[in-house]
Amino acid sequence: MRLMSKERILSGIQPTGGSFHLGNYLGALKQWVELQESHDAFYCVVDLHAITIQVDPKILRERSLTSTAQLLALGLDPEKCALFMQSHVPAHNQLGWVMECLTGFGEASRMTQFKDKSQKSGTDRTVVGLFTYPILQAADILLYQAKYVPVGEDQRQHIELTRDLGQRFNSTYKDIFTIPEAYITKAAAKINDLQEPNSKMSKSSSSPAGVVDILDAPEINAKKIKSAVTDTGREIKFDQTEKPGVSNLLTIHSALSGLSISDLENQFAGKGYGDLKGAVAEVVVEYFRPVRERTQELLKDPEQLTKILKIGAEKASAVAQETLKKTYDAMGLIPRG
């Protein structure tokens, strides 16, 4: 049972690809696990956001269950948090429409994600869902009266839109929504692409060789790390400007092993890049070995995963429906009775 005196947090992750990657874990999911101990935590697999890109229905179902299994294997505890599927709580879409009616067209078109993707594919080939994506994301957050939203620095713009919409509703109608704050953990490791160490590790990377997927076989991840791009010279030191490749490897090692960067610099003094890559590969493989095994075990019982999601959706719906009822009432919408 969660203590309601705890401050509430809400965060979500898309079920994209067959596996979360190292950047997802160190940038966000590791913090999710820690925050469920100290906060009233709501975490959702945002499957509705995932359909802004056309995906085979069978694959989407598989990815959604695999995402759930991974979150549990990484340490989320249904007794300590509400873990649920976004589409299982209809109030997300219902509040999303309310927020769309409060959002200016220019305001929405300035959102970075839409601008970047529509410029690449052209507005005629860009779905409306991508345009309204940040507004639904704002509804996701406001629905649960979340005080904090654990996000990466690149999501700060979306939190600002959420704050603006919440304040706009409160001043226009009635003080209903908690105005959230971005919870950006200073200690969260920023992990970059192994092949492009100046770019963030991402599923949209130009080369899959630069992305370490948690569920990949150990030998695949070891090979990726040992093939990572490094820098000129031989000295192993942390310098993101002059040695982004080496710095990225040191960051990965430190984040998973718990050793400080300075300790690692001392440990690898006089050694070569091959030694560093081999050590990082071993740390990554051993750290995620039990996670991979636990995920595979959980996926053997999809009914149990569905049951966990149902319990989480019931917890989420209790909060969501209360917020939606107050919202509709404040706007003058007639209750169903």
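The notes below cover cysteines, salt bridges and helix packing.

1. Before anything else, keep in mind that this is a predicted model. Everything that follows is computed from it.

2. How many disulfides does the model have? The count comes to 0 disulfides. Cys44 is in no disulfide, and the nearest cysteine sulfur to its own is that of Cys81, 11 Å away.

3. For scale, the cut-off for calling a disulfide is 2.5 Å between the sulfur atoms.

4. Are these cysteines buried or exposed? Cys44 has a relative accessibility of 1%, so Cys44 counts as buried. Cys81 is buried too, also with a relative accessible area of 1%. The line for calling a residue buried is under 20%.

5. On to charged pairs: the model has 9 salt bridges, and I'll go through three of them here. Take Lys30 and Glu34, which form a salt bridge with their closest N and O atoms 3.2 Å apart. Both residues sit in helix H1, which runs over residues 22–35, and they are 4 residues apart, about one turn of the helix. Lys30 is partly exposed at 23% relative accessibility, and Glu34 is partly exposed at 43%.

6. Next, have a look at helix H12, residues 273–299. Here Arg289 forms a salt bridge with Glu286, the closest N and O atoms being 2.8 Å apart. The two are 3 residues apart in H12, so about one helical turn separates them. Arg289 comes out as partly exposed, with a relative accessible area of 32%, and Glu286 is partly exposed as well, at 42%.

7. Arg294 is partly exposed at 36%, as is Glu297 at 48%.

8. H12 also packs against helix H9, residues 218–226. Their axes come within 9 Å and cross at roughly 150°. That makes H9 roughly antiparallel to H12, because the cut-off for that label is an angle over 145 degrees. The crossing is right-handed.

9. Which residues make the contact between H9 and H12? From H9 come Pro218, Ala222, Ile225 and Lys226. On the H12 side they meet Lys277, Gly278, Val280, Ala281, Val284, Val285, Arg289 and Arg292. Note Arg289 in that list: this is the residue that forms the salt bridge with Glu286.

10. The other helix pair to check is H4 (residues 91–100) with H7 (residues 128–142). Their axes are 8 Å apart and the packing angle is about 120°. H4 and H7 are therefore oblique to each other, because roughly perpendicular stops at 115 degrees and roughly antiparallel needs over 145. The crossing of H4 and H7 is right-handed.

11. Finally, the H4 and H7 contact itself. H4 brings His92, Asn93, Leu95, Gly96, Met99 and Glu100. Their partners in H7 are Thr132, Ile135, Leu136, Ala139, Asp140 and Leu142.

Notes:
Residues are numbered from 1 along each chain as its sequence is written. This is a predicted model: local features need pLDDT of at least 70, side-chain atom pairs count only at pLDDT 80 or more; totals for chains, interfaces and linings use all residues. Side-chain values use heavy atoms; hydrogens and water are left out. Buried means under 20% relative accessible area, exposed over 50%, partly exposed in between (1.4 Å probe, protein chains only). A salt bridge is a side-chain nitrogen of Lys or Arg within 4 Å of a carboxyl oxygen of Asp or Glu. Axes are lines fitted to C-alpha atoms, for helices over the stretch in contact, and angles run from 0 to 180 degrees between N-to-C directions. Angles under 35 degrees count as roughly parallel, over 145 as roughly antiparallel, 65 to 115 as roughly perpendicular and the rest as oblique. A crossing is left-handed if the near helix is turned anticlockwise from the far one by less than a right angle, and right-handed if clockwise. Contact means heavy atoms within 4.5 Å.
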